[in-house]
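Here's a quick tour for anyone opening this one for the first time. Have the structure on screen and follow along, topic by topic.

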Amino acid sequence: MVESLGKQVKRIAWGITGSGDQMIETYSVLVDIKERTGVETMVFLSKEGETVMKWYHLWDKIQNDFPNFKVDAGPNSPFIAGPLQMGYYDFLLIAPATANTVAKIVYGIADTLVTNAVSQTAKGKTPIFILPVDQKRGTVKTAAPSGRAFELSMREVDVTNSEKLAQMENITVIASPYDIYDIFGLERPSEDITLKVKEQKKRKAKKETEIQKD
């Protein structure tokens with residue numbers, strides 16, 4: 001578990017990189033939290049993040065669920081580093097974070113919108129939470145866009161970088177998308193979050209259809 005911020009969270013910045021692993025779960029968790037709290041969420045993607053969102057059929061969905069949506073046009077464009085440094089957002093979340101993004105952060109490289117956001121935010125007081133996809137040695141199970149499960153073998157260099165990331169200033173590494181509930185001080189759902197969000201959307205769509213008929 002991760003320690004709660006201990007306050008009402010009003011605004012967050014959520015950065016997405018080019019990882020398919022844990023993407024659906026992370027997306028579902030953030031949708032659920034938005035429904036439960038009304039938190040204002042600014043979403044920004046790396047160029048590879050855009051590719052993965054389209055591959056997982058989430059591109060249109062995430063823009064609908066999170067209208068404040070930005071795509072990498074350069075390390076400092078759109079300009080989000082300033083508001084993050086100055087505390088406009090309650091925290092910065094990078095989830096999921098690829099091994100490439102983690103390596104760049106660890107070695108101080110800030111040449112993308114996501115890595116520059118982390119680099120600049122770390123100089124201020126805004127908390128940073130990062131979910132690296134390569135944390136545990138051995139193999140992990142993940143799923144393709146079709147839902148087919150398969151295994152990936154973690155590289156030692158990537159796991160080591162995740163461990164180094166956890167030692168950096170103003171950065172908290174989270175182990176699971178469900179840890180995001182802890183940051184907000186919310187109770188974790190007992191059911192599978194991806195199924196829960198699907199059911200929520202079905203009920204919402206059904207309700208909107210009934211209203212239109214009336």
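Helices α5 and α6 cross in a right-handed way. That's a handy place to start in what is a predicted model.

**α5 and its helix neighbours**

- The axes of α5 and α6 are 10 Å apart, and the two helices pack at an angle of about 35 degrees.
- On the α5 side, the contact with α6 is made by Thr101, Lys104 and Ile105, and on the α6 side by Val114, Thr115 and Val118. Sorted by class, that contact has 3 nonpolar, 2 polar and 1 charged residues.
- Now look at α5 (residues 99–106) with α7 (residues 156–165): their axes come within 9 Å and cross at roughly 50 degrees. At that angle, α5 and α7 are therefore oblique to each other.
- This time the crossing is left-handed, as α5 passes α7. Ala99, Val102, Ala103, Ile105 and Val106 of α5 meet Asp158, Asn161, Ser162, Lys164 and Leu165 of α7. The residues of this contact divide into 6 nonpolar, 2 polar and 2 charged.
- Which residues of α5 are buried? They are Thr101, Val102, Lys104, Ile105 and Val106. Their cover includes β4, α6 (113–121), β5, α7 and β8.
- Just past the end of α5 sits Gly108, with a positive phi of about 75 degrees.

**The sheet**

- Six strands make up an open sheet with parallel pairing, in the order β3-β2-β1-β4-β5-β8. At the edges you'll find β3 (69–71) and β8, each with a single partner strand, so one side of each has no neighbour in the sheet. From one strand to the next, the twist averages 20 degrees.
- Strands β1 (residues 11–16) and β2 (residues 40–45) pair in parallel over 6 bridges. Ala13 has Met42 of β2 as its bridge partner.
- β4 (residues 91–97) pairs with β5 in the parallel sense over 4 bridges, and Leu93 stands opposite Phe129 in β5.
- On to β5 and β8 (residues 171–173), which pair in the parallel sense over 3 bridges. Here Phe129 turns up again, with Thr172 of β8 as its bridge partner.
- Helix α1 (residues 23–37) lies across β1, β4 and β5, and runs at about 165 degrees to β1.

**A closer look at β5**

- Why is β5 (residues 128–132) described as largely enclosed by the rest of the structure? Because 5 of its 5 residues are buried.
- In a regular strand, side chains alternate between the two faces of the sheet. β5 is covered on both faces: Ile128, Ile130 and Pro132 are buried on one side, and Phe129 and Leu131 are buried on the other.

**Two buried threonines**

- Thr126 is in the loop between α6 and β5. With a relative accessible area of 3%, Thr126 is buried.
- Thr126 and Tyr89 are 37 residues apart along the chain, yet their C-alpha atoms are separated by 7.3 Å. Beyond its neighbours within four places in sequence, Thr126 is in contact with a set of residues including Leu84, Gln85, Tyr89, Phe91 and Asn170.
- Thr41 belongs to strand β2, and is buried at a relative accessible area of 6%. Setting aside neighbours within four places in sequence, Thr41 is in contact with Ile12, Trp14, Phe66 and Asn68.

- Most residues other than glycine have a negative phi, and most peptide bonds are trans.
- The peptide bond from Ser77 to Pro78 is cis, with omega near 0 degrees. Pro78 lies in the loop between β3 and α4 (81–85).
- Another cis peptide bond joins Ala95 and Pro96, with omega about -10 degrees. Pro96 is in strand β4.
- Gln22, in the loop between β1 and α1, has a positive phi near 70 degrees. Gln22 counts as buried, at 17% relative accessibility.
- Asn170, in the loop between α7 and β8, has a positive phi of about 60 degrees. Buried or partly exposed? Asn170 is partly exposed, with a relative accessible area of 29%.

Note on methods:
Residues numbered from 1 in each chain as written. Predicted model: local features only at pLDDT ≥ 70, side-chain atom pairs only at ≥ 80, totals over all residues. Heavy atoms only, no water. Axes fitted to C-alpha atoms, helices over the stretch in contact; angles between N-to-C directions. Parallel < 35°, antiparallel > 145°, perpendicular 65-115°, else oblique. Left-handed = near helix turned anticlockwise from the far one by under 90°. Contact = heavy atoms within 4.5 Å. Nonpolar A, V, L, I, M, F, W, Y, C, P; charged D, E, K, R; others polar. Buried < 20%, exposed > 50% of the residue type's maximum accessible area, 1.4 Å probe, protein only. Pairing = 2+ DSSP bridges.
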